[in-house]
Amino acid sequence: MMDIIAIVVLGFFTLGYFVLAGADIGVGMALPFLGRSAYERRLVIATIAPFFLANEVWLVAAAGLLVGAFPSLEGKLLSGMFPAVVTLLLGWILRDLGLWLRGRTNARAWWGICDGAVTGGSWLLALSWGWVAASVLTSDGLATGPGTIFVVLAVAALFGLHGLAYAALRSTGEVRRRAGVLSKPSGELRTYLLTAAGMVTLGVVLGLRLPLLTSAADPQTLAFLLPGTALILPFLLLAQLVVWLLFRGRVTGPSYL
């Protein structure tokens, strides 16, 4: 029973990351398309600025639970997909550096460098998740076969579409019009829910391919880990809810980034 609870909690954290942070990644991928000037790119970044750190916590929580509750699987995934994991981390660092450093200097060239880091890092993140997905779906280690490129590009496209759908919900004016390439204004929420369902489906399919039941830690370890997770979870959800309530409206001006 404890192993089932651990799998459900791990799935909850992972799917939360794919839906919430997946939108941040997609917005970063579409930054040059959505923002045609330095001011518009600040508006685009403002759509994710209040949320991206909180959204990353879901991945940190999922990784922590994977290490503690599924140690043998974590070792297998890390060693088997080491290049993809390193690429993912590099993309993560590059994207966040671009976001954090963009507003440190009022120089157009510096903004261009940071915008490039945000876009390049976001693409690297999405492509890395595609490489991880291809590896989980097609092999026991790092996928390198002919189908890998197709899966990588399909997953990256899903991230990009999810980001566009999210940006349409959060932006105004020209940025909203460009982000709404997938749907009319009246269908923005429906489009977002469809792309979010795609992200959930991706996470569920990957989870079903992993040997989670046979990789769970012993009951004593799970009995120690899960109550602690149960204590942290309400605070995580409450913090996420508060942030969303505070910044739930559409973006009408630049943020602190």
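I began with the lining of the largest cavity, whose residues divide into four nonpolar, no polar and three charged. I counted Ala, Val, Leu, Ile, Met, Phe, Trp, Tyr, Cys and Pro as nonpolar, Asp, Glu, Lys and Arg as charged, and the others, Gly among them, as polar.

The model is predicted: local features need pLDDT of at least 70, side-chain atom pairs count only at pLDDT 80 or more, and totals for chains, interfaces and linings use all residues. Residues are numbered from 1 along each chain as its sequence is written, and side-chain values use heavy atoms, without hydrogens and water.

I searched the whole structure and found one cavity of 30 Å³ or more. A cavity is a set of points, on a 1 Å grid over the protein atoms alone, where a 1.4 Å probe fits but cannot get out; lining residues have an atom within 4 Å of a point. The volume of the largest cavity, about 30 Å³, is the space filled by probe spheres set on the points, which are joined across faces, edges and corners.

I noted the lining as Tyr-17, Ala-21, Asp-24, Glu-56, Trp-92, Arg-95 and Leu-125. Helices H1 (2-29) and H6 (82-101) each give two or more residues to it; helices are DSSP runs (H or I, at least four residues), numbered from the N terminus. H1 has the largest share, three residues.

I then turned to H1 and helix H8 (residues 146-170), whose axes come within 7 Å and cross at roughly 90°. H1 is therefore roughly perpendicular to H8, a term for angles of 65 to 115 degrees.

Technical notes. 1 Å grid on protein atoms, 1.4 Å probe; cavity = no way out; pocket = protein on both sides within 12 Å on 5 of 7 lines; lining within 4 Å. Axes fitted to C-alpha atoms, helices over the stretch in contact; angles between N-to-C directions. Parallel < 35°, antiparallel > 145°, perpendicular 65-115°, else oblique.
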